[in-house]
Amino acid sequence: MPSKTEKLLSLLNGQPVIPVLKIANVDDAVPLARALARGGLPAIEITLRTADALEAIRRVAAEVEEAIVGAGTILDSGQFEAAAAAGSRFIVSPGITRELLAAAADSDVPLLPGAITPGEIMAAREAGLRFLKFFPAEQSGGIASLKAFASPLADVKFCPTGGITGKNAAEYLSLPNVVCVGGSWVAPDDMVKAGKWDEIEALARAASKLAK
């Protein structure tokens with residue numbers, strides 16, 4: 001297994017749910033990361049969907065020693081490099097491009113790119129990647145598609161993201177080719193905005209106990 005795949009698996013394996021976070025207020029980043037880590041979900045993905053995302057990653061990387069912070073919604077090499085410089089331990093992309101693969105090849109930070117078709121999965125596999133994001137999961141065939149990939153693409157593992165909730169996460173996690181799932185339900189926007197860190201910690205604790 002390629003070393004970067006091993007590195008990525010070592011960061012995320014054993015954590016059934018990776019919180020996918022959209023930080024609207026940078027001051028929420030550190031207490032949110034701490035609440036999720038206390039609940040048993042230290043690895044988090046902060047998406048580059050807000051103006052404060054890179055600063056949020058910097059703060060969590062610098063101030064929350066127990067967190068493993070990654071960057072999501074990375075679309076090109078410039079964003080990859082900026083996210084890595086901010087302290088991201090892993091990089092998540094909704095898709096796969098030659099530019100992103102080249103950026104990942106030149107970096108020690110592992111890439112988790114999205115792939116939903118056999119061709120995309122095979123292209124990632126050719127590039128040495130054996131652990132991929134399956135996105136958007138529910139809209140792309142979900143559990144049925146992942147079951148269909150299990151035999152012909154037996155050496156590839158997935159982190160399904162997109163439409164995953166507390167209600168369907170366990171079914172995804174029961175699949176042999178699923179390592180973890182990504183989801184935002186463990187940190188609802190309204191709870192983050194209200195600073196309900198104890199409630200978020202409780203949601204994280206429940207998610208951390210989902211069987212794998």
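## Overall build

The model is a predicted one. Its chain has 212 residues, and the secondary structure comes to 10 helices and 8 strands. Along the principal axes, the C-alpha trace spans about 45 × 35 × 25 Å. A compact globule with 212 residues would have a radius of gyration near 17 Å, and the value of 16 Å for the chain agrees with this.

Contacts can also be sorted by how far apart the two residues are in sequence. Among the contacts with a separation of 6 or more, 59% are between residues 24 or more positions apart.

## Surface and charge

Of the 212 residues, 51% count as buried. The accessible surface of the chain comes to about 9,300 Å². Carbon and sulfur atoms account for 51% of that surface.

The chain has 21 positive and 24 negative charges. The mean position of the positive charges and that of the negative charges are 5 Å apart.

## Salt bridges around arginine 59

The count of salt bridges comes to 7. One of them joins aspartate 27 and arginine 59, with 2.9 Å between the closest N and O atoms. Aspartate 27 is in the loop between strand E1 (17–21) and helix H2 (29–38), while arginine 59 is in helix H3 (residues 53–63), so this pair ties together parts that are 32 residues apart in sequence. Aspartate 27 counts as exposed, at 53% relative accessibility, because the cut-off for exposed is over 50%. Arginine 59 has a relative accessible area of 26% and is partly exposed.

Arginine 59 also forms a salt bridge with glutamate 55, and here the closest N and O atoms are 3.1 Å apart. Both of these residues lie in helix H3, 4 residues apart, which is about one turn of the helix. Glutamate 55 is partly exposed, with a relative accessible area of 30%.

## A salt bridge between two loops

Another salt bridge links arginine 130 to aspartate 155, with the closest N and O atoms 3.3 Å apart. Arginine 130 lies in the loop between helix H6 (118–126) and strand E6 (131–134), and aspartate 155 lies in the loop between helix H7 (142–149) and strand E7 (157–160), so the pair ties together parts that are 25 residues apart in sequence. Arginine 130 has a relative accessible area of 19% and is buried, because buried means under 20%. Aspartate 155, at 32%, is partly exposed.

Elsewhere, salt bridges with shared partners join Asp27, Glu55, Arg58 and Arg59 into one network.

## Helix H2

Is helix H2 largely enclosed or largely open? In H2, 7 of the 10 residues are buried, so the helix is largely enclosed by the rest of the structure. The buried residues of H2 are Ala29, Val30, Leu32, Ala33, Ala35, Leu36 and Ala37.

What covers these buried residues? Just after H2 comes glycine 40, which takes a positive phi of about 100°.

## Glycine 182

Glycine 182 is found in strand E8 (residues 181–183). With a relative accessible area of 2%, glycine 182 is buried. Which residues does glycine 182 touch, not counting residues up to four places away in sequence? They are Ile18, Val20, Cys159, Pro160, Thr161, Gly162 and Ile164.

Glycine 182 can also be placed relative to proline 19. These two residues are 163 residues apart along the chain, and their C-alpha atoms are separated by 5.9 Å.

## Serine 145

Serine 145 lies in helix H7. Is serine 145 buried or exposed? At 19% relative accessibility, serine 145 counts as buried. Leaving aside neighbours within four places in sequence, serine 145 is in contact with Phe134 and Ser140.

Key: Residues are numbered from 1 along each chain as its sequence is written. This is a predicted model: local features need pLDDT of at least 70, side-chain atom pairs count only at pLDDT 80 or more; totals for chains, interfaces and linings use all residues. Side-chain values use heavy atoms; hydrogens and water are left out. The radius of gyration is taken over C-alpha atoms; the globule rule is 2.2 Å times the number of residues to the power 0.38. Buried means under 20% relative accessible area, exposed over 50%, partly exposed in between (1.4 Å probe, protein chains only). Contact means heavy atoms within 4.5 Å. Accessible areas come from the Shrake-Rupley method with a 1.4 Å probe; for residues, only the protein chains shown count as cover. Lys and Arg count as positive and Asp and Glu as negative; His and the chain ends are not counted. The place of a charge is taken as NZ of Lys, CZ of Arg, CG of Asp or CD of Glu. A salt bridge is a side-chain nitrogen of Lys or Arg within 4 Å of a carboxyl oxygen of Asp or Glu.
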